[in-house]
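I opened my notebook to look up charged pairs and nonpolar cores. My entries follow.

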Amino acid sequence: FALGLGEYLVKTLASTHPDLEAPRDELTRTLGMACTRQRFVGLRILRAKTSPAGDKGEVLFYARIFERGADRSFAERSTFVREAGAWRYETGELVPRTELSENVDRPDRR
């Protein structure tokens, strides 16, 4: 999203993702334009786990984003599936900041 790589983002969607019902050119353009209205400051992976079979994964992340000076940052719990040997984004659920045990406002010192 930060780089506006719409075609790449479309390729990272799971085959069951509902956005793939839209015309591909339109979806590519929409995903690629996010960087024109939003400033992506950072992304912190808070937790990640993989299923025992290695075909499903879950990632909790915090994205720092600003739009016209307003903080639009958010946390999301995303699920991924392995398709044709690559990880694909399946679904995402917003997570309220109050449910995060991590202090997402401090700089990541890793």
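Entry 1: I looked up Arg24 and found its side chain in a salt bridge with the side chain of Glu7, at 2.6 Å from N to O. For a salt bridge, a side-chain nitrogen of Lys or Arg must lie within 4 Å of a carboxyl oxygen of Asp or Glu. This pair links distant parts of the chain, 17 residues apart: Arg24 sits in helix α2 (residues 24–32) and Glu7 in helix α1 (residues 6–11). I noted that helices (H or I, at least four residues) and strands (E, at least two) are DSSP runs, numbered from the N terminus.

Next I checked accessibility. Buried means under 20% relative accessible area, exposed means over 50%, and partly exposed is in between (1.4 Å probe, protein chains only). Arg24 has 44% relative accessibility, so I wrote it down as partly exposed. Glu7 has 33%, so Glu7 is partly exposed too.

**Entry 2: where the numbers come from.** The model is predicted: local features need pLDDT of at least 70, side-chain atom pairs count only at pLDDT 80 or more, and totals for chains, interfaces and linings use all residues. Residues are numbered from 1 along each chain as its sequence is written, and side-chain values use heavy atoms, with hydrogens and water left out.

**Entry 3: the other bridges.** How many salt bridges does a search of the whole structure find? I got 5. One of them joins the side chains of Arg72 and Glu67, at 3.9 Å from N to O. Arg72 is partly exposed, with a relative accessible area of 47%. Glu67 is partly exposed as well, at 22%.

I then looked up Glu93. Its salt bridge partner is Arg77, and the closest N and O atoms are 3.5 Å apart. Here, too, distant parts of the chain are linked: Glu93 is in strand β5 (residues 86–95), Arg77 is in strand β4 (residues 74–83), and they are 16 residues apart. Salt bridges with shared partners join Glu93, Arg77 and Glu58 into one network.

**Entry 4: nonpolar cores.** I defined a nonpolar core as a set of buried Ala, Val, Leu, Ile, Met, Phe, Trp, Tyr and Cys residues joined through side-chain atoms within 4.5 Å. Which residues make up the largest one? I listed 7 in all: Leu46, Leu60, Tyr62, Ala75, Val95, Leu100 and Val104. Another core, of 5 residues, lies apart from it and includes Leu9, Val10, Leu27 and Leu31.
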